[in-house]
Amino acid sequence: MLRKLSLTAILLGATAVGAQAQDLRIALQSDADVLDPDQSRTFVGRIVYTALCDKLVDITPELDLIPQLATDWSWNDDQTELTMQLREGVTFHDGEPFNAEAVAYNINRSQTLEESRRKSEVASITGTEVTGEYEIKISLAQPDATLLAQFADRAGMMISPAAAEEAGADFGLNPVCSGPFAFDNRVAQDRIVLTKFDDYWNADEINFDSVTYLPIPDNTVRFANLQSGDVDIIDRLAATDLEQAESASDIEVASAVSLGYQGMTINVGNGDRADSPIGENPAVRQALSLAIDRNALNQVVFNGAFAPGNQSFPPNSPWYDQDHPIPERDVEAAKALLAEAGFEDGVTVEVQAPNSPVPQQVMQVVQAMAAEAGITIEITSKEFATMLQDQSAGDYMASQVGWSGRVDPDGNIHQFMTTGGGINDSGYSNPEVDELLNNARTTTDTAERKQYYDQARDILVEDLPIIYLYHQTWIWGLRDAVSGFTPYPDGMIRLEGVSLED
Amino acid sequence: MLAFIGRRLLVAIPTILLISVFVFLLQQLLPGDPILAMAGEERDPATIEFLREKYGLNDPLPVQYFKWIGGVIQGDLGISLRTNQPVSELLLQKLPVTIQLAVMALIFAVVIGVPAGILSAVKKGTVVDYAANVVALSGLSIPNFWLGIMLILLVSVKWGLLPASGYTPPGEDLVRSITTMLMPAFVLGTALAATLMRHTRSAMLGVLKSDYVRTARAKGLYERRVILRHAFRNALVPIVTLTALLFGELVAGAVLTEQIFTIPGFGKLVVDAVFNRDYAVVQGIVLCTAVGFIVMNLLADAAYFALNPRLRKS
């Protein structure tokens, strides 16, 4: 009898604990790097920040900018001064108040902390002026259409000045922000635990007492954890598991086409290795592009779950140039182009690709398609870090590589296509394109910007320094107990309004 | 004996130094730039230059090495380029995890391997012997990663019996800690069980032919007592030696098993560190492992001294 009673008590106790502390478990594809918004660089790190650090502005799933810590903003007439009104009554996790001084501190830190990876994102800012407890004026050297979008990401994340001052470059070991959840603990490669921040300004929308992020790199194991109920949400369900996930009764799937792209970057002017048929002749690049059936590629490698593409922006993006739709495969036209360029007997292209399954499969499909047009593709597998190094150094002919994408269109094109751009590994240089992309960057009028991008695209589809192939689709797997999840094209997992019914 | 241990310790120091130089140079041969790997997608040149300077990667190689080894002597193993955590803290965090995995795997290996070995030796040439051999061979031949994934799909997904992957510290929840580790320990243990089974079998076969076993039987002892008391005890010496040696193999096998089951141990740390070109972490792990092996060997030698009087005299 006594034993029975104590067992009941234990069971009751267990249920009570379950009801008290609701934990949401999210499996990520990899482990985040250092948790300092000014220093971090990984995609999964940004997913963790979504719960940990609020930003000045946020985005809607349609990529419109909406208030978060800044409630309103306005530009002066010549677009060189941005005045922001800030949310009142917000505190950081350490109890410090959030105000205009804090914003000024954060912008300064992004610009001057030596370890900062945000410098280029806030380079246009020349100064800040605190014009009220909750108002700040940000001055720019020249108009910068990308700035607000930067504030919707890591450059706009506000950290506690007091904590940052004390920790210096080690801030990431114990980050203090103002988001819905506060940092609790981290075991590298195992988990990051955040606990609910009771004084959060939007606490009504938050339904969990804690969130645990678990890095599980293996796609099969990550999915198995979802199937067994060990985790509630998984990041990047593999396209090949999609069918199985959709047919499972206790699993929901959500998806959104990403902001990024995957393609083949061609060395057209980065050192001696640019002296190749494909590096020297736009016609050869056009022929290769025409030889590829992008829909078939998507079907074969990704079960049709991704989005075929031919530009820096996915076809569903407002920035996509509809005048240049995805080309139909045309082997005869590709052969004709090659013949015209003087390569009747075909050409050989050496393409380096990361040594993981997906890029290898992509390149094998491309290889088979290109062969029919007389283009022999030799695939060189490289470990990713090595591949990037060779790419920067110009020691490559072509590279299967991509970009995770940015909210503002500038982030997907400017640094790749302008002369001397930070990530212009292709070595592409065209003064006309430079001018158009620079103009697009300094114009805040959306319609006008779109025109500049379209004009640049008219040139780029001919020159093809990057042959775009497809756009990844973010696919999340959710236990059906999870409700209120909204997919965003930036791949983040926003927890406002998400709840768990068990 | 103390003199012996002292001598061995003195010899160990140059060994460890040699290993550290070797690992340091080996890392330099790895293609791929650690700073490029950590500069992020943007790869801003100013940031890259600053980081190179900060982590002393612009210094000539010998200077880099002496800076590092100088720190090691003072107990500073450097910091992880990726997470900014001190390497010594990472090592202390990971070591208990891998030890737990290795110990549990060893238990599986012994519990399966030793009885199977005895049984197949005693029933030599019968169906039981062949069956045990088939099982042992399968244990050796089935790849860890395949067995691991199959177990996850069957035990966790289909039957919902055990957690699919991950790790729970014993201090946090002992039961969950053990249940989470069961499958990985089993996967890691089966391969070793096979080796252990085959060695137990041959050791037992040797002993079973010896005179004192025949004497024991002649005395009219029960067969059970002959095998367990007389034969097995004597076969145990090579088995124990082998088990100790297997511990090294366990640590190596843990690398793969930890990857499959996402266990945040030593193996996973080293693999991720190599991929991220996190030099300080790789060096720290190798140094730590080398010291561990040397200490294990030393202990084994000392144990021989203690156990075998003939060695002590010479």
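Q: What makes strand E5 and strand E7 of chain A count as a pair?
A: In this predicted model, strand E5 (residues 81–86) and strand E7 (residues 135–140) of chain A are joined in the antiparallel sense over 5 bridges; two strands pair if at least two bridges are found between them, so E5 and E7 of chain A are a pair. One bridge links A:Glu81 to its partner A:Ser139 in E7(A).

Q: Why are strand E4 and strand E6 of chain A called edge strands?
A: The sheet is open and holds 4 strands of chain A in the order E4-E5-E7-E6, with antiparallel pairing. Strand E4 (70–75) and strand E6 (125–132) of chain A each pair on one side only, and they are therefore the edge strands. Neighbouring strands of this sheet are turned by 20 degrees against each other on average, direction ignored.

Q: Which helix lies across E5, E6 and E7 of chain A?
A: That is helix H3 (residues 100–112) of chain A, which runs at about 170 degrees to E6(A).

Q: How do you know that chain A touches chain B?
A: Residues are in contact if their C-beta atoms, placed from the backbone, lie within 7 Å, and by this criterion 33 residues of chain A are in contact with 37 residues of chain B. On the side of chain A, helix H6 (219–227) and helix H13 (384–393) are the elements that give two or more residues, and the residues of that side divide into 11 nonpolar, 12 polar and 10 charged.

Q: Which residues touch the most other members of the largest nonpolar core?
A: Among its 210 residues, these are A:Val48, A:Ala287 and A:Ala291, while helix H8 (residues 174–208) of chain B gives the largest share of this core, 16 residues.

Terms used
Residues numbered from 1 in each chain as written. Chains lettered and ligands numbered in written order. Predicted model: local features only at pLDDT ≥ 70, side-chain atom pairs only at ≥ 80, totals over all residues. Core = buried A, V, L, I, M, F, W, Y, C linked by C-beta atoms within 7 Å. Buried ≥ 20, exposed ≤ 12 C-beta atoms within 10 Å, placed from the backbone. Contact = placed C-beta atoms within 7 Å. Nonpolar A, V, L, I, M, F, W, Y, C, P; charged D, E, K, R; others polar. Axes fitted to C-alpha atoms, helices over the stretch in contact; angles between N-to-C directions.
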